[in-house]
Amino acid sequence: MSGENAARHCGDTHMIDKFVRSVAEALDGIKDGAIVLVGGFAQIGEPRALIDGLIEQGAKNLTVVHNTAGRGREGVARLIGEGRVSKIVCSFARSRGSVLFEEVYARGAIELEMVPQGTLAERLRAAGAGVPAFFTPTGAGTKIAEGKESRVIAGRECILEHAIFGDVALIEAWRADRWGNLVYREAGRNFNPVMAMAAQLTICQTQHVAELGELAPETIVTPGICVDRLVHVAAGDPPVVIS
Amino acid sequence: MPNWKPLTREELAARVARDIPEGWSVNLGIGIPTLIANYVPHEREVIFHSENGIVGMGPAPTPEKLDPWLVNASRQHVTLRTGGSYFHHADSFALVRGGHLDLCVLGAFQVAENGDIANWARSDDEAAPAIGGAMDLAAGARRIWAVMEHSTRGGEHRLLHRCTYPLTAKGVTRRVFTELCVLDVTERGFVLIDKVEGLGLDELQARTGAAIRSV
């Protein structure tokens, strides 16, 4: 969306530089009622600084799309606990210590849309690929199918699932250059590249900054044209899980 | 005292592992299925997939090799075998939904003799349900095996004529492993493949909510 905004003066030429100076600047303009896609899986590749920034920023009545309804009292869980989320779209509403969601849900203060995890990923991918809806056998004949169009295709019962178009995506990368080309680290990739393509405004926090040309072209997972704003947050390693 | 012993969780995981041949690509669900990888010998090249974007997943790391950036879908720290790869969530589930996995082993609350499987909710109005990737795996993998306790703690049947809990998928289960037996799900219903030594067929049938045929 922001090709023009991202171009800054550099001598007498323009150059693309999507880096902003702060998380607050990165989140500027997110409106009440926005559909916000939040990357990360099991806290790995989760854009924690951006989620915390969104709590500060104040937008409310949000629809949040994330793999879970949050865990413990931090991140997405805290956003829900602060009463800022009117609807959560996720594959796991129950995960260890999802206390804040359960409290808010029990009060009837949040709408829950349960989506099988692969359907969630594919609905996001579809949005990014300009596919408004698709038929899938996943969930056919189950509660997930209730209220959805179903059709037998190639001998298999399928249900119609719609793309999830985000207003905003919040993602985390391992390395980014000023064009917004992104590389992810190990299992930190997860939903991030798919969400980067599914939103009108993609905001990325990156652990490291690379010079343009430094990232080997074959290793770039998300091409920069899918990213609108970048902020450097050296967040460090995700927490180690003690089980 | 009965003259037979049910399998422990570990023995059950090892029993399933015995049936997984070299070369298969396999996803292991949450719970007992996750243990199965521990019983596939390293030299048998089975390629494990994890929903969060890993093919070629290896066992849990030693403490000094622990990598905070690498967990499986059950959020346990794992390793990557030589030859392994990473990809994003939509590609990961395209591997599942596109029929690229030879096998998925799922935990289950209930399995019916028509292959229906229920593994995500115990009632229609569960407060905070957890579907995760189970419906995609159940619908997409080439084979579905279920690993489960034969009965509930209260002694109610979990292997049934028809499931009573909300379904994960219809008609997909091919084989069931419990602490008592291994059953194939066929057009004729449950067929006995294996049972613990000393357990009579009548005793097994009494603990099962659908007919078991012995070939």
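**Entry 1: ground rules**

Two strands count as paired when DSSP finds at least two bridges between them. I take helices (H or I, at least four residues) and strands (E, at least two) as DSSP runs, numbered from the N terminus. This is a predicted model, so I note the rules that apply: local features need pLDDT of at least 70, side-chain atom pairs count only at pLDDT 80 or more, and totals for chains, interfaces and linings use all residues. Residues are numbered from 1 along each chain as its sequence is written, while chains are lettered from A and ligands numbered from 1 in the order in which they are written.

**Entry 2: confidence**

I looked up the scores before anything else. The predictor gives the complex an ipTM of 0.94 and a pTM of 0.95.

**Entry 3: chain B overall**

I get 5 helices and 13 strands in chain B. Along the principal axes, its C-alpha atoms fill a box of roughly 50 × 40 × 30 Å. I checked the radius of gyration, taken over C-alpha atoms, against the globule rule of 2.2 Å times the number of residues to the power 0.38. For 215 residues a compact globule would come out near 17 Å, and chain B has 17 Å, which agrees.

Next came burial: a residue is buried if 20 or more other C-beta atoms lie within 10 Å of its own, exposed if 12 or fewer, and partly exposed in between, with C-beta atoms placed from the backbone. By that count 45% of the 215 residues of chain B are buried. For contacts I use C-beta atoms, placed from the backbone, that lie within 7 Å. Among chain B contacts between residues at least 6 apart in sequence, 62% join residues at least 24 apart.

**Entry 4: the sheet in chain B**

I traced an open, mixed sheet of 10 strands, in the order β4-β3-β2-β1-β5-β8-β10-β11-β12-β13 (chain B). Its edges are β4 (79-86) and β13 (212-213) of chain B; each has a single partner strand, so one side of each is left without a neighbour in the sheet.

Then I walked through a few of the pairings. β1(B) runs parallel to β5(B) (residues 103-107), with 3 bridges, and B:Val26 has B:Leu103 as its bridge partner there. β1(B) also pairs in the parallel sense with β2(B), again over 3 bridges; here B:Ser25 stands opposite B:Ile47. β2(B) and β3(B) (residues 54-58) run antiparallel and are joined by 2 bridges, with B:His49 opposite B:Val55. These two strands form a hairpin with 3 residues between them, and B:Gly53 in the turn has a positive phi of about 100°.

**Entry 5: helix α3 of chain B**

How many residues of helix α3(B) are buried? I find 7 of the 9 in residues 89-97, so the helix is largely enclosed by the rest of the structure. They are B:His89, B:Ala90, B:Ser92, B:Phe93, B:Leu95, B:Val96 and B:Arg97. The packing involves both chains: α6 (117-129), β7 (133-136) and α7 (192-196) of chain A, plus β1 (25-28), β2 (47-50) and α4 (134-140) of chain B. Just after the helix, B:Gly99 takes a positive phi of about 75°.

**Entry 6: where the chains touch**

The contact takes 35 residues from chain B and 42 residues from chain A. On the chain B side, α3 and α4 are the elements that give two or more residues. The largest share, 5 residues, comes from α3(B). By class that side has 20 nonpolar, 10 polar and 5 charged residues. (Nonpolar is Ala, Val, Leu, Ile, Met, Phe, Trp, Tyr, Cys and Pro; charged is Asp, Glu, Lys and Arg; the others, Gly among them, are polar.)

**Entry 7: over to chain A**

I picked out a sheet of 3 strands here, open and antiparallel, ordered β7-β9-β8 (chain A). β7 and β8 (150-153) of chain A stand at the edges with a single partner strand each, so one side of each has no neighbour in the sheet. β7(A) and β9(A) (residues 156-162) run antiparallel with 4 bridges, and A:Phe134 has A:Glu161 as its bridge partner.

I also looked at helix α3(A) (residues 48-57), where A:Ala49, A:Leu50, A:Ile51, A:Gly53 and A:Leu54 are buried. Their cover includes α2 (23-26), β3 (35-38), α4 (76-81), β10 (166-176) and β12 (199-209) of chain A. Just after α3(A), A:Gly58 takes a positive phi of about 105°.

Terms used:
Two residues are in contact if their C-beta atoms, placed from the backbone, lie within 7 Å.
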